[in-house]
There are 2 protein chains.
Amino acid sequence: MPKLPDFERSTCPVAVCLDILGDKWTLLVVRDILLGARRFSDFEASPEAVPTNILSDRLKKLVEHGIVEKKAYSERPVRYEYRLTRKGHALRKVLKDMMDWGNQYYPETATVPGEGVSTRRK
Amino acid sequence: MPKLPDFERSTCPVAVCLDILGDKWTLLVVRDILLGARRFSDFEASPEAVPTNILSDRLKKLVEHGIVEKKAYSERPVRYEYRLTRKGHALRKVLKDMMDWGNQYYPETATVPGEGVSTRRK
């Protein structure tokens with residue numbers, strides 16, 4: 001049973017979801033895994049340019065909450081691959097709805113099939 | 001056209017969505033409006049106990065981004081009611097999916113029909 005955050009909020013499942021996922025980066029890490037990222041370097045190469053310390057922190061949190069699992073693919077030095085658990089895959093619908101909403105109301109955003117994401121137009 | 005945040009990220013519609021909604025409170029304010037909250041006192045009475053300064057800030061942001069509209073219902077003193085725009089109502093799907101995910105993976109959370117939310121069990 002993953003631990004719930006310390007601060008008290010309601011039992012609303014949306015609040016619990018936001019306690020874990022409610023920031024600007026966590027769901028983008030989940031999205032990157034859905035798009036094929038596996039290794040730390042894959043995430044670092046993401047066009048979001050997530051700062052390294054934030055990336056480490058969010059991957060750790062996702063593992064703690066059972067959304068992502070990590071597995072060593074190299075022993076010396078120890079390096080890990082990250083995969084979504086079933087619970088992580090279940091977030092696909094949330095991401096799909098956010099994508100639809102973004103596409104509908106921010107037409108300058110774009111989902112390029114096969115390319116994932118690209119830099120925002122200025 | 002609502003302004004986009006200053007910091008650069010990708011054109012991914014999920015990133016744009018999280019730039020606006022990616023925190024622990026904003027979507028709970030949207031949820032409270034969907035559940036019937038209209039006036040500032042309604043939001044303050046929410047079981048989330050959103051701190052007043054955060055509540056003011058998030059309502060302002062939601063208005064700026066065209067997700068919520070506010071209308072004066074009293075002139076002296078000026079007081080406002082808040083309603084979702086069409087763009088705001090379109091977030092219902094995101095909230096529904098978060099609710100489903102929370103209910104599925106955190107069975108201690110509960111959605112009580114008609115009651116909205118209640119305090120988390122300890």
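In this predicted model, strand β1 (residues 68-74) of chain A is joined to strand β2 (residues 79-84) of chain A by 6 bridges, and the two strands run antiparallel. Within that pairing, A:Ala72 has A:Tyr80 in β2(A) as its bridge partner.

**Chain A as a whole**

Chain A contains 6 helices and 2 strands. Their order along the sequence is α-α-α-α-β-β-α-α. The chain has 122 residues, of which 36% count as buried. Among its contacts between residues at least 6 apart in sequence, 40% join residues at least 24 apart.

Helix α2(A) is largely enclosed by the rest of the structure, because 8 of its 9 residues are buried. The buried residues are A:Thr26, A:Leu27, A:Leu28, A:Val29, A:Val30, A:Arg31, A:Asp32 and A:Ile33. Just after α2(A), A:Gly36 adopts a positive phi of about 115°.

**The nonpolar core**

The largest nonpolar core comprises 58 residues, and those with the most contacts inside it are A:Val14, A:Cys17, A:Val29, B:Val14, B:Cys17 and B:Val29. Both chains contribute to this core: α1 (13-21), α2 (26-34), α4 (52-64) and α6 (92-105) of chain A, and α1 (13-21), α2 (26-34), α4 (52-64) and α6 (92-105) of chain B, each supply at least two residues.

Which residues does A:Val14 touch, leaving aside those up to four places away in sequence? They are B:Leu27, B:Leu28, B:Arg31, B:Leu95, B:Met98, B:Met99 and B:Gly102.

**Helix α4 of chain B**

Helix α4(B) has 13 residues and reaches 18 Å from its first C-alpha to its last, close to the 18 Å expected at 1.5 Å a residue. Its buried residues are B:Leu55, B:Arg58, B:Leu59 and B:Leu62. Viewed down the axis of α4(B), these buried residues fall within an arc of 100°, so they line one face of the helix. The face turned away from the buried side carries the exposed residues B:Asn53, B:Lys60 and B:Glu64.

The cover over the buried residues of α4(B) includes α2, α3 (40-44), β1 (68-74) and β2 (79-84) of chain B. Just after this helix, B:Gly66 takes a positive phi of about 70°.

**Backbone features in the loops**

Most residues other than glycine have a negative phi, and most peptide bonds are trans. The table lists departures from that pattern.

| Site | Backbone feature | Location |
|---|---|---|
| B:Arg76 to B:Pro77 | cis peptide bond, omega near 0° | B:Pro77 in the loop between β1 and β2 of chain B |
| B:Ala49 | positive phi of about 55° | loop between α3 and α4 of chain B |

A:Ala49 is partly exposed, with 14 other C-beta atoms within 10 Å. For B:Ala49, 14 other C-beta atoms lie within 10 Å, and this residue is partly exposed.

Technical notes: Residues numbered from 1 in each chain as written. Chains lettered and ligands numbered in written order. Predicted model: local features only at pLDDT ≥ 70, side-chain atom pairs only at ≥ 80, totals over all residues. Core = buried A, V, L, I, M, F, W, Y, C linked by C-beta atoms within 7 Å. Buried ≥ 20, exposed ≤ 12 C-beta atoms within 10 Å, placed from the backbone. Helix = DSSP H or I, 4+ residues; strand = E, 2+ residues; numbered from the N terminus. Contact = placed C-beta atoms within 7 Å. Pairing = 2+ DSSP bridges. Expected span 1.5 Å × (residues − 1). Arc of directions from axis to C-beta.
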